Amino acid sequence: MKSSATDLFRKTYDETPQLLIRSPGRVNLIGEHTDYNDGFIFPLAIDYAIWLALSPTGDKKVSLLAGDLNDSASFSLESLINTKSGWIEYVKGVASTLQNHGYVLSGWKGCILSNLPIGSSLSSSAALEMAVVKAFSEVSGFAMSPERMAMIGRTAENEWVGMNCGIMDQLASACGISGHALFIDCRSIELEAVPLPGDAVIAVLDTSTRRKLVESEYNIRREQCETAARYFNIPALRDLEMERLQADIKSLDDRVGRRALHIVSENDRVLSTVQSLKENDIPRVGELMYESHVSLRDLYEVSSTELNHIVESAMESVGCYGARMTGAGFGGCGVALVEKDCASSFSEEVISRYKAKSGLDAEIFVTPATAGTELIGLD
Ligand code: GLA
């Protein structure tokens with residue numbers, strides 16, 4: 001990917017790029033839909049990433065070629081107009097948000113290459129946003145912490161793109177640490193890097209379906225959570241104890257009650273997962289992952305037939321500790337924790353079980369936890 005991105009830049013602009021940025025996607029081990037409830041999450045940055053090769057232009061123009069999409073776009077930093085469509089809006093959204101926060105931006109030209117499938121729940125948009133924040137900070141000469149980069153990306157996505165996402169994807173992409181999953185409190189944005197076990201691997205399970213309806217359904221889930229928090233007169237569902245919810249659940253609309261039950265139990269599961277991982281109790285981590293899936297399927301209702309098939313296929317395969325859907329849901333990918341020695345037989349088994357259940361071809365890849373958005377040396 002590294003040399004392909006720089007080669008594409010050379011071919012496009014007839015010169016060598018001055019900077020190269022790698023910005024990863026993420027999978028979430030557990031803690032789904034908890035981020036916008038001020039709760040806990042446990043994601044990691046993955047091997048699949050967006051690569052951005054670029055050079056400053058010394059003017060106020062940004063030009064970009066998206067190699068995989070075979071599409072290019074440009075805009076002026078002096079007149080940002082939201083056309084409300086296409087990948088370039090993520091780039092403009094970041095520029096606009098940075099300018100609104102008082103940063104003086106300089107222009108650049110670049111090329112993007114990515115092996116992160118779009119709409120697969122691996123956060124290709126957050127990876128793009130983080131690459132672009134990094135590009136502006138390098139070219140315009142300001143430093144920014146990864147947490148702040150994540151907040152800029154989230155604001156861009158909420159306010160410019162119109163997707164009301166939480167902070168997880170941007171934090172995982174920006175803050176990733178090699179060999180570690182990130183235990184994050186989404187209220188304080190405190191982050192603890194927890195080492196992943198040496199004898200288990202993380203497998204991403206791509207259903208080969210791409211998510212649908214995600215924005216409208218996502219926003220409905222957010223509203224239902226807010227309704228429950230208002231009922232209990234608390235700032236967010238993070239503040240709700242299970243006993244209090246159970247005692248009053250019948251007074252809530254049935255759906256709202258089930259959404260709240262997912263969030264409150266999921267927050268507990270994240271805490272137990274982190275604890276179990278620290279105690280090297282990997283079988284327990286696996287159980288918690290599957291419990292999370294069942295809760296997302298039955299209570300939060302954001303899974304899909306294919307996600308259920310791939311998770312069941314994984315659970316039935318030799319060496320699987322646990323599996324679940326990952327990300328917003330409604331299609332895309334699952335994630336599994338697998339005995340290291342079984343990794344390759346596991347992939348084959350899941351592919352064939354999933355084909356039998358769904359008629360579709362899955363793609364399985366084992367990923368290490370990687371560093372977050374970073375400059376890569378050009379040699
Ligand atoms: C999407 C959003 C995240 C998070 C997940 C669900 O990926 O962008 O903020 O809410 O869904 O956990």
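**Close-up views of a predicted model**

**View 1. Ser 63 sits in strand 4, which covers residues 61-66.** Strands here are DSSP runs of E with at least two residues, while helices are runs of H or I with at least four, and both are numbered from the N terminus. This is a predicted model, where local features need pLDDT of at least 70, side-chain atom pairs count only at pLDDT 80 or more, and totals for chains, interfaces and linings use all residues. Residues are numbered from 1 along each chain as its sequence is written, and side-chain values use heavy atoms, with hydrogens and water left out. Setting aside neighbours within four places in sequence, Ser 63 is in contact (heavy atoms within 4.5 Å) with Tyr 13, Ala 73, Ser 74, Trp 108, Lys 109 and Gly 110. Now look for His 262: its C-alpha is 44 Å from that of Ser 63, and 199 residues separate the two along the chain.

**View 2. Helix 4 runs over residues 146-161.** With 16 residues, helix 4 reaches 21 Å from its first C-alpha to its last, close to the 22 Å expected at 1.5 Å a residue (the expected span is 1.5 Å times one less than the number of residues). Which residues of helix 4 are buried? They are Met 149, Ala 150, Ile 152, Gly 153, Thr 155, Ala 156, Glu 157 and Trp 160; buried means under 20% relative accessible area, exposed means over 50%, and partly exposed is in between, using a 1.4 Å probe and protein chains only. These buried residues pack against helix 2 (88-100), helix 3 (124-140) and helix 5 (168-175). Just past the end of helix 4, Gly 162 takes a positive phi of about 90 degrees.

**View 3. Helix 2 packs against helix 4 at an angle of about 110 degrees, with their axes 8 Å apart.** Axes are lines fitted to C-alpha atoms, for helices over the stretch in contact, and angles run from 0 to 180 degrees between N-to-C directions. Helix 2 and helix 4 are therefore roughly perpendicular to each other; angles of 65 to 115 degrees count that way, those under 35 as roughly parallel, those over 145 as roughly antiparallel and the rest as oblique. On the helix 2 side, Glu 89, Tyr 90, Lys 92, Gly 93, Val 94, Ser 96, Thr 97 and Leu 98 meet residues of helix 4, including Trp 160 and Val 161. By class, this contact of helix 2 with helix 4 has seven nonpolar, four polar and three charged residues. Ala, Val, Leu, Ile, Met, Phe, Trp, Tyr, Cys and Pro count as nonpolar, Asp, Glu, Lys and Arg as charged, and the others, Gly among them, as polar.

**View 4. Helix 4 also packs against helix 5, at an angle of about 145 degrees and with their axes 8 Å apart.** The crossing of helix 4 and helix 5 is right-handed. From helix 4 come Pro 146, Glu 147, Met 149, Ala 150, Gly 153, Arg 154 and Glu 157, and from helix 5 come Gln 170, Leu 171, Ala 174 and Cys 175. Sorted by class, the contact of helix 4 with helix 5 has six nonpolar, two polar and three charged residues.

**View 5. Helix 8 (residues 254-278) and helix 9 (residues 282-298) pack at about 165 degrees, with their axes 9 Å apart.** Helix 8 and helix 9 are therefore roughly antiparallel to each other. Helix 8 passes helix 9 in a left-handed crossing. By class, the contact of helix 8 with helix 9 has five nonpolar, seven polar and six charged residues. Asn 280 is found in the loop between the two helices. Asn 280 has a positive phi of about 60 degrees, although it is not a glycine, and is partly exposed at 47% relative accessible area.

**View 6. His 293 lies in helix 9.** Is His 293 buried or exposed? His 293 is buried, with a relative accessible area of 0%. Not counting residues up to four places away in sequence, His 293 touches Ser 303, Leu 307, Asn 308, Val 311, Ala 323, Arg 324 and Met 325. The buried residues of helix 9 pack against strand 9 (200-206), helix 8, helix 10 (305-316), strand 10 (320-325) and strand 11 (333-339).

Terms used. A crossing is left-handed if the near helix is turned anticlockwise from the far one by less than a right angle, and right-handed if clockwise.
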